[in-house]
Amino acid sequence: MASLKGKDILHGNQFSKKDIDVIIKTASNFEKELKGKDSLTLLRGKILATLFFEPSTRTRLSFETAMQRLGGGVVSMASAESSSAAKGETVADTAKTVSQYADVMVIRHPRIGSAKEAADAASIPVINAGDGAGQHPTQALLDIYTIYKERGSLKNLTVSMVGDLKNGRTVHALVELLSLFEARLYFVSPDLLRMPEEITSHLKGKGIEIVETEDMMEAANASDLIYMTRIQKERFTDLSEYERVKGQYIINEDFLKRLKKKVIILHPLPRVDEIAPGVDSYPGAAYFRQVRNGVFIRMALLAMVLGKR
Ligand code: CP
């Protein structure tokens, strides 16, 4: 694997199968090393800057937890309104400025391409924590780590991705990683929210088997794993379109009763109504375990880009 030292993490397509193996092993080692301890000392003296121009609970807090569990420090900008972006500062100038303070930066921004813009301007590694409807590569890595832990293998996978496949940056990044393991994919969405054509044709070009359908039950019964996503209201310019498609796909106790097999259920979260709270006790409901895995994956990525693993 090419070392991640000093590298940016911007897109799901930048990783090889070997990279994924090394990242999973590094995350797993940190998970073991941390058992019974509050924190490690590997990144003592290093500073992470988290720049969030869009709301977040998991990504920001798990990166900050990861850095602190590794003994490092954190400076944080939790919203665009609390930064000089509100006065008109560009992403590039923000990135150049933060490069003077921190050793690594994590950025979330509503515009596709903004993380690359920050990376081009910064003199420290930049990690994309979600650029609009573009990519969310660290989420995809923690998803893969979760699949590996839940199944014990990434081989012979059939995955149903359900919901807002048009705007879902998590699925856009995850399909890149799943394609390395030749997973079969079901794309389940309303017609309005289908996976972008350039992504499906890119995957088909790599020989990936794809079925596009609006029937979640049919797809779920053919799959090992259901990856639910939220319909992203904030990406709609016409709210009447959102009203038309919302609530179309819901996993609830009744759905589980009708399901013919046990499946693993993942969701990047936050959820709105697409998974009923009563599903949380289903043994395959892995979405809160998925949240926890995010800390170990982000510990691995921080240590690796800073050249400590
Ligand atoms: N999964 C995810 O990106 O969650 P947040 O929006 O809370 O960071």
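This is a short tour of a predicted model, stop by stop. Residues are numbered from 1 along each chain as its sequence is written, and side-chain values use heavy atoms, with hydrogens and water left out. Local features need pLDDT of at least 70 and side-chain atom pairs count only at pLDDT 80 or more, while totals for chains, interfaces and linings use all residues.

**Stop 1: the ligand**

Select the ligand. The space it takes is the largest pocket. A pocket here is an open set of points on a 1 Å grid over the protein atoms alone, where a 1.4 Å probe fits, with protein on both sides within 12 Å along at least five of seven lines. A molecule sits in one if more than half of its atoms lie within 2 Å of its grid points.

Now show the surrounding residues: S56, T57, R58, T59, R108, H136, Q139, P268 and L269. The cut-off is one heavy atom within 4 Å.

Three of these residues deserve a distance label. The polar contacts are pairs of N or O atoms within 3.5 Å.

- T57: a polar backbone atom is 2.8 Å from a ligand oxygen.
- R58: a backbone N or O atom lies 3.0 Å from a ligand oxygen.
- H136: a polar side-chain atom lies 2.9 Å from a ligand oxygen.

On its own, the ligand has 260 Å² of accessible area, and the protein covers 92% of that (Shrake-Rupley method, 1.4 Å probe).

**Stop 2**

L269 is in the loop between β9 and α11. Helices (H or I, at least four residues) and strands (E, at least two) are DSSP runs, numbered from the N terminus. Its phi is positive, about 60°, although L269 is not a glycine. Then step to P270, in the loop between β9 (264-266) and α11 (287-305). The peptide bond joining L269 and P270 is cis, with omega about 5°. Most residues other than glycine have a negative phi, and most peptide bonds are trans.

Is L269 buried or exposed? L269 counts as buried because its relative accessibility is 11%, where buried means under 20% and exposed over 50% (1.4 Å probe, protein chains only).

**Stop 3: I147**

Go to helix α5 (residues 137-151) and pick I147. I147 is buried, at 1% relative accessibility. Contacts (heavy atoms within 4.5 Å) beyond four places in sequence are G152, S153, L154, L157, L178, L225 and L266.

**Stop 4: N156**

Finish at N156, in the loop between α5 and β5 (158-162). Phi of N156 is positive too, near 50°. N156 is exposed, with a relative accessible area of 61%.

Notes
Polar contact = N/O pair within 3.5 Å; in protein donor to acceptor, adjacent residues only side chain to side chain. 1 Å grid on protein atoms, 1.4 Å probe; cavity = no way out; pocket = protein on both sides within 12 Å on 5 of 7 lines; lining within 4 Å.
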